[in-house]
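Hello,

Here is the structure I promised to pass on to you. Have a look at it first, and my notes on what turned up follow just below.

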Amino acid sequence: MSRLLFLCFVLATMTGCMTSSLFPKTSPLQEVVLSGEGRDKVLLIEISGILTSAKPSGVLDRFFDRLSLPARFKEELTKAADDEDVKAIVLRINSPGGTVTASDILYHEIQELKKTRKVPIIASIMDLGTSGGYYVAMAADWVVAHPSSVTGSLGVIMLTLNASGLMEKIGVRADAVTSGPHKDMGSPFRTMTEQDRAIFQGVIDSFYSRFLRVIEQGRPNLKPETVRQLADGRIYSATQAKDHGLVDTIGYLDDALELAKKDAGIEEARVVIYQRAGGYHPNIYAQGPGGMGRADWIFPKLDPVSLLLAGGTPAFMYLWLP
């Protein structure tokens, strides 16, 4: 009987017969103390998974109105800006990157916060801080890499498919009526021309130049020519990143929190996070709101391949995509 009820629930979910009104809406963020004492606070913000501006689209997200990453991130920064007791912010980054726009939005919001609140911001790179993840870290005052972290993959990638050969084998042809010769450029139903490739390369070069400028601003100790040499797409271990000047120091999340307090000129502080009602976070390593599970890392719902297979357009990504 229980299996039958579960099947009915799934069918109701997929057919839309069950409305979201039966489930709670997104509640305001609440502050949770993880450790420490005193009036001063160090805010821990998580940036994990694929960086995208799209809202989560899983089955449960039909009922729980989860915000997109940029919306949630801006909400956290706004709440922090209004709290004079927040003396420093630590960004716990665990991301291979994501879309060009989402990465740039997060970077921009940190820069905007700096205009209103003069608090130190520390980026703590965990497993991954590559491409767009590193791009976001460049808005921080200090970058701390976990001893076993991977960073780098500095650059832009655009992925598209060419299924024209397969379609010829099965006797299927797609005809597009366009207003110009490049209107369907990037279509998986035809081979990319040299002109198409040159146009795409021009857009990628523009985004790449923007990435280089962000690194140059975040790493003023590096010469522009050095940045360009390092930004050839390769990845770096924590030690290599430190030797090349891409990060400031190697340490654990605890070290990043201590650095935040030291830079803020305080000795005691509460480490806090913001969460929705009902979450449980026993310590600084607990996953915060907006994080992604292991399945999402291996098969991200919004990665370029999934988008293309779903009929989407080519995506420009600050993303490590081996």
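Ser 131 sits in the loop that links strand E4 (121-130) to helix H4 (132-137); helices (H or I, at least four residues) and strands (E, at least two) are DSSP runs, numbered from the N terminus. This is a predicted model, in which local features need pLDDT of at least 70, side-chain atom pairs count only at pLDDT 80 or more, and totals for chains, interfaces and linings use all residues. Residues are numbered from 1 along each chain as its sequence is written, and side-chain values use heavy atoms, leaving out hydrogens and water.

With 0% relative accessibility, Ser 131 is buried (under 20% relative accessible area, with a 1.4 Å probe and protein chains only). Its side chain reaches the backbone oxygen of Gly 155 at 3.4 Å, and a polar atom of that side chain lies 2.8 Å from the backbone nitrogen of Leu 319. Among the residues that Ser 131 touches are Pro 96, Phe 211, Tyr 318 and Trp 320 (heavy atoms within 4.5 Å).

Ser 103, in helix H3 (residues 100-116), is also buried, at 0%. A polar atom of its side chain lies 2.9 Å from the backbone oxygen of Thr 99. Ser 103 touches Leu 51, Gly 132 and Tyr 318, among others, not counting residues up to four places away in sequence.

Lastly, Phe 73 touches Ile 45, Ile 47, Leu 91, Leu 106, Glu 109 and Ile 110, not counting residues up to four places away in sequence.

Technical notes: Buried < 20%, exposed > 50% of the residue type's maximum accessible area, 1.4 Å probe, protein only. Polar contact = N/O pair within 3.5 Å; in protein donor to acceptor, adjacent residues only side chain to side chain.
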